[in-house]
Amino acid sequence: MRVLLADRVPEALGLLAGDGAAIPVAGGTDLLVHWPVRIDAHDRTYVDLSRLEDLKPLRWSDRELVLGGLTTYWDVIQDERIGREFPLLVRAARQVGAIQIQARGTWAGNIVNASPAADGVPVLMAYDAVVVLESGRGREEVPLDHFYTGYKEMRRRADQLVVAIRIPRRPYSYQVFEKVGSRRAQAIAKVGLAVTRSDAGWRVVAASMAPTIRRCPMLERLLEQRVQVAHPGDLVPAITQDVSPIDDVRSTAEYRRRVMARVLYDDLRETCGWP
Amino acid sequence: MQRREGLAKLTGRERYVDDLPLEGALWGMTVRSPAPRGRVSAVRFRPDVNWSEIVVVDYRDVPTANEILLIERDQPVLAAGYVRHVHEAVLLVAHPSREMARRAARAVDVVVAPEPPALDFRAPPRPEQIQFGRDNVLKRLQIAKGDVEQALARAPVVVEGVYETGAQEHVYLETQGMIAWLENDVLVVKGSMQCPYYVLNALQHALGRDERRVRVIQTPTGGGFGGKEEYPSTIALHAALLALKAGRPVKMVYDRPEDMASTTKRHPSLVRHRTALTTDGRLLAQDIEVVLDGGAYVTLSPVVLSRGIIHAAGPYACDNVRIVGRAMFTNAVPFGAFRGFGAPQTLFALERHMDVIARALGLDPVELRRRNLLRDGQSTATGQVIRDGTDRIAVLERALALSGYREKQHSHAAFNAAQRSQRRGIGLATFYHGAGFTGGGEVHLNSRLQVAGLPDGRVEVLSANIEMGQGTLTVFTQIVADRLGLAPEEVVIGEPDTARVPNSGPTVASRTTMVVGRLIERAADDLRHRVGLDDRARGAAVKDAIMRWHREHRGEPLLGEAVYERPPGIAWDEERYQGDAYAAFAWAAYVAEVEVDLRTCTTRVIDFVAVQEVGKVINPTLARGQVQGGVVQGLGWALMEECKVENGAMINNQLTNYIIPTSDDVPPIRVAFVENPYPHGAQGAKGLGELPIDGPAPAILNAVAAATGADPRAIPLTAERLMEIVERTH
């Protein structure tokens with residue numbers, strides 16, 4: 001294991017560009033989970049980001065909330081204003097591991113770890129978050145809902161660092177986050193859902209339902225068009241088009257599809273005037 | 001009294017095997033089989049490791065017998081050219097750096113010419129799968145009472161049911177670990193274990209060393225639950241073999257994934273019930289078939305099966321009982337001891353079946369149990385006449401009252417009618433657990449224990465029974481202090497070191513407080529006699545007499561001693577499996593209240609009441625803790641803990657994917673004890689350690705059945721499984 005230390009962002013970017021295969025490490029919480037079994041990870045080079053103070057704070061402007069590249073879940077939980085304006089961020093943060101993990105884990109790390117079962121990504125995506133990437137070659141912004149290209153694949157080059165996450169400030173008339181795990185705490189989502197409604201329209205984001213966390217365009221269209229839904233089963237055709245759950249060590253495709261339909265139906269029933 | 005080692009544990013000062021300094025030690029790692037069955041056709045050492053730095057051990061390095069000494073001698077210390085399960089140990093490697101040792105272990109390719117494995121214990125084996133005897137049956141046992149066939153033929157009602165339970169991982173906080181080194185010519189092995197003398201015997205047998213040349217010491221043990229009953233012999237042998245070959249100390253500590261994948265689990269089970277009853281619910285006959293998955297070696301399966309079948313008919317009076325049991329060989333990682341030892345499996349089936357019967361007869365589950373619970377003078381399936389004076393109906397009534405059972409049944413009906421997707425229900429289990437070794441087991445063990453008087457007047461307990469979180473140090477201290485009228489700080493509990501302590505037997509089978517505690521009392525009495533006092537002498541008189549003795553016998557040890565004596569009136573027929581299976585039973589009634597979310601089919605236990613009669617409670621805090629811990633472990637087994645298996649080996653072998661309850665999944669657990677002192681246990685105590693894992697699973701599933709109208713018959717009842725059942729029901 002080789003660890004490179006950087007004191008400032010440009011230095012970190014230089015190290016990433018110089019190595020080509022180095023892995024940036026913030027909280028290290030995802031790295032640690034697999035450390036005993038992934039021996040190959042012990043041979044890699046890591047760039048330690050923990051001294052990059054500039055990336056830690058979150059900032060507010062008139063038009064947006066900007067999370068830093070090192071902003072932790074705990075930072076968000078502690079921020080009362082986020083609790084009022086973006087409550088789903090707080091709800092999701094509280095669902096990540098235990099407090100120790102919440103204190104170390106970062107939102108940017110959650111994005112680049114690219115787990116299809118992430119807790120932070122669905123709520124960011126439902127709030128139309130934009131990923132800000134920086135490298136020696138400049139700055140690039142990618143909307144989070146276009147960030148992932150396949151299982152654990154994303155539009156981030158090895159020399160790029162996530163330095164910020166921009167979240168537009170909008171009034172929301174509806175917002176909900178649901179996580180169905182196999183226990184009440186410290187669980188990995190079997191089904192995750194984030195649903196919001198604002199002037200920009202409906203956003204339905206599903207976790208653990210496809211190789212990546214993704215928006216569900218058919219469900220969003222169904223909601224935009226105010227289609228009448230009489231039963232959770234009526235949502236299944238749209239769900240089948242939007243996502244492709246699998247059987248794995250945590251759950252089954254059938255369970256995931258059914259639960260997504262039922263939870264979505266139950267959550268939206270009153271708002272949408274469904275029976 | 002406070003837990004003796006509590007502060008050291010709380011402050012992190014307690015030193016477990018991995019914390020012990022070991023000068024010049026090598027790290028040992030294990031190379032394991034990739035296949036469930038076959039001949040090892042090649043072992044290849046990949047060149048990316050400098051093999052001249054690595055100590056390598058294989059079966060040819062076992063000096064005397066390549067056998068792990070247990071009930072049978074079928075399990076090799078290291079596979080000798082043939083493997084019977086995935087993760088079977090084939091080779092050992094050691095290196096001063098843990099990282100290098102790990103790399104070396106992964107740089108060995110064990111090539112296996114595969115042969116057809118037997119992987120489903122429920123299905124009869126095909127000829128090419130047979131590897132043990134004529135039919136892969138590791139052990140067959142039977143209990144017979146009365147005439148079952150005749151009773152079944154004549155009965156107005158017969159109810160049948162099939163019930164299944166899954167494997168369970170112990171999840172002790174501290175993984176398996178051992179260190180081994182040579183001190184002159186003495187092999188010293190130290191580590192995490194429940195039974196120092198099991199380890200000692202296994203080392204002597206395989207290494208051909210007499211007891212003067214081997215010494216086994218237990219280190220503070222971070223949980224066992226049976227997982228450290230027989231398995232430590234294996235890792236102790238591995239560490240010892242490496243240390244002997246290297247001529248240097250060797251340390252082996254499994255990481256969590258290796259521990260979960262390659263060590264023993266609770267035996268999976270399938271139990272069939274065919275029960276004859278009168279129309280008003282009196283038991284006429286119980287016909288029960290118990291099948292256990294034993295895995296690839298015999299380990300303790302015969303005795304797990306024994307305890308399983310003895311508990312299979314439950315605490316009920318029935319004149320006609322037939323229980324046939326078999327433990328099956330499969331090419332799965334061997335199953336082994338786990339808290340409850342077969343009884344939780346058969347009691348799950350029985351207590352779920354009682355509710356199935358109640359539903360079939362339109363009877364109240366409480367009433368069905370009340371009508372059949374054993375009264376004094378009636379006998380169990382083995383014909384053991386129960387005459388302990390415990391009012392088992394009163395235990396049940398206490399649990400009903402504490403849980404508000406009747407009131408909740410009414411309030412749940414209203415709740416369920418008003419709610420869209422939440423359903424509440426309440427469920428019950430009445431059960432028992434036999435304390436100590438089965439049948440003549442305690443006589444065979446012939447446990448011996450000493451209480452030493454020290455020159456400063458303190459006394460020291462010399463016993464091979466160990467602390468693993470359950471409270472042995474504290475309870476032993478209390479027993480001696482109470483017996484001799486000493487303060488707790490005047491009592492020392494000696495380190496379980498086979499060079500110093502006599503063999504007081506293994507720390508298993510709910511025997512420590514009841515059986516070994518009683519030996520302590522008798523050894524303390526003997527100590528008193530040796531210094532010229534009678535049994536009434538206490539406190540300062542005892543201390544003074546001990547000090548005086550030492551002044552008169554300088555340099556000599558002062559030892560009071562006791563050897564196990566069978567309580568009077570106990571008789572067991574091993575051939576016919578009849579008689580007094582246990583010297584004493586603990587009795588219990590548990591009530592679970594659940595809420596099921598019909599959208600996700602997630603079950604949450606929202607209230608739990610555990611009432612038991614365990615003789616005398618010696619330390620109420622520890623006893624309550626034992627019960628609460630057992631309930632949590634039972635809750636996990638019932639609802640979430642699932643070993644996902646491929647080729648007979650666990651594939652979700654990490655705590656991210658093997659789901660145990662968090663504190664947020666645990667309801668308030670209200671514990672109550674009914675006391676009826678048992679004359680042959682320490683201070684009147686009976687065994688308690690295992691009882692609390694017998695009741696939660698059936699009580700919880702009965703509650704789910706009440707809440708949803710569904711009829712779940714298998715655990716773990718995960719949300720996925722419950723959803724299938726609920727879909728089928730509606």
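**Burial, core, interface and salt bridges**

Student: What is the relative accessible area of A:Leu5?

Tutor: A:Leu5 belongs to strand β1 of chain A, residues 2-5 (helices, H or I of at least four residues, and strands, E of at least two, are DSSP runs numbered from the N terminus). Burial classes use a 1.4 Å probe and protein chains only: buried is under 20%, exposed is over 50%, and partly exposed lies in between. A:Leu5 falls in the partly exposed class, its relative accessible area being 42%.

Student: What kind of model is this?

Tutor: Residues are numbered from 1 along each chain as its sequence is written, while chains are lettered from A and ligands numbered from 1 in the order in which they are written. Side-chain values use heavy atoms, with hydrogens and water left out; local features need pLDDT of at least 70, side-chain atom pairs count only at pLDDT 80 or more, and totals for chains, interfaces and linings use all residues, this being a predicted model.

Student: Which residues touched by A:Val243 lie beyond four places in sequence?

Tutor: A:Val243 sits in the loop between α10 (236-242) and α11 (253-272) of chain A, and its relative accessibility of 6% makes it buried. The C-alpha atom of A:Val243 is 9.4 Å from that of A:Ala207, 36 residues away along the chain. Contact being heavy atoms within 4.5 Å, A:Val243 touches A:Ala206, A:Met209, A:Arg214, A:Cys216 and A:Met260.

Student: How many residues does the largest nonpolar core have?

Tutor: A nonpolar core joins buried Ala, Val, Leu, Ile, Met, Phe, Trp, Tyr and Cys residues through side-chain atoms within 4.5 Å. A:Leu235 is among those with the most contacts inside the largest core, and beyond four places in sequence its contacts include A:Leu219, A:Leu264 and A:Trp274. The residue count of that core is 140.

Student: What area is buried between chain B and chain A?

Tutor: In contact across the interface are 30 residues of chain B and 30 residues of chain A. Buried area is the accessible area (1.4 Å probe) lost when two parts are put together, summed over both. Carbon and sulfur atoms give 50% of the area buried here, which is about 2700 Å².

Student: Which residue of chain A forms a salt bridge with B:Arg103?

Tutor: A salt bridge is a side-chain nitrogen of Lys or Arg within 4 Å of a carboxyl oxygen of Asp or Glu. Seven are counted between chain B and chain A. At 2.6 Å from N to O, the partner of B:Arg103 is A:Asp43.

Student: How many residues apart in sequence are B:Glu442 and B:Arg511?

Tutor: The side chains of B:Glu442 and B:Arg511 form a salt bridge, 3.0 Å from N to O, and both residues are buried. B:Glu442 is in helix α12 (residues 441-445) of chain B and B:Arg511 in the loop between β19 (491-493) and α14 (512-530), so the pair ties together parts whose separation in residues is 69.

Student: Why are B:Asp526 and B:Arg530 separated by about one helical turn?

Tutor: B:Asp526 and B:Arg530 form a salt bridge, with the closest N and O atoms 2.9 Å apart. B:Asp526 is buried at 18% relative accessibility, whereas B:Arg530 is partly exposed at 47%. The separation is about one helical turn because the two residues are four residues apart in helix α14 of chain B.
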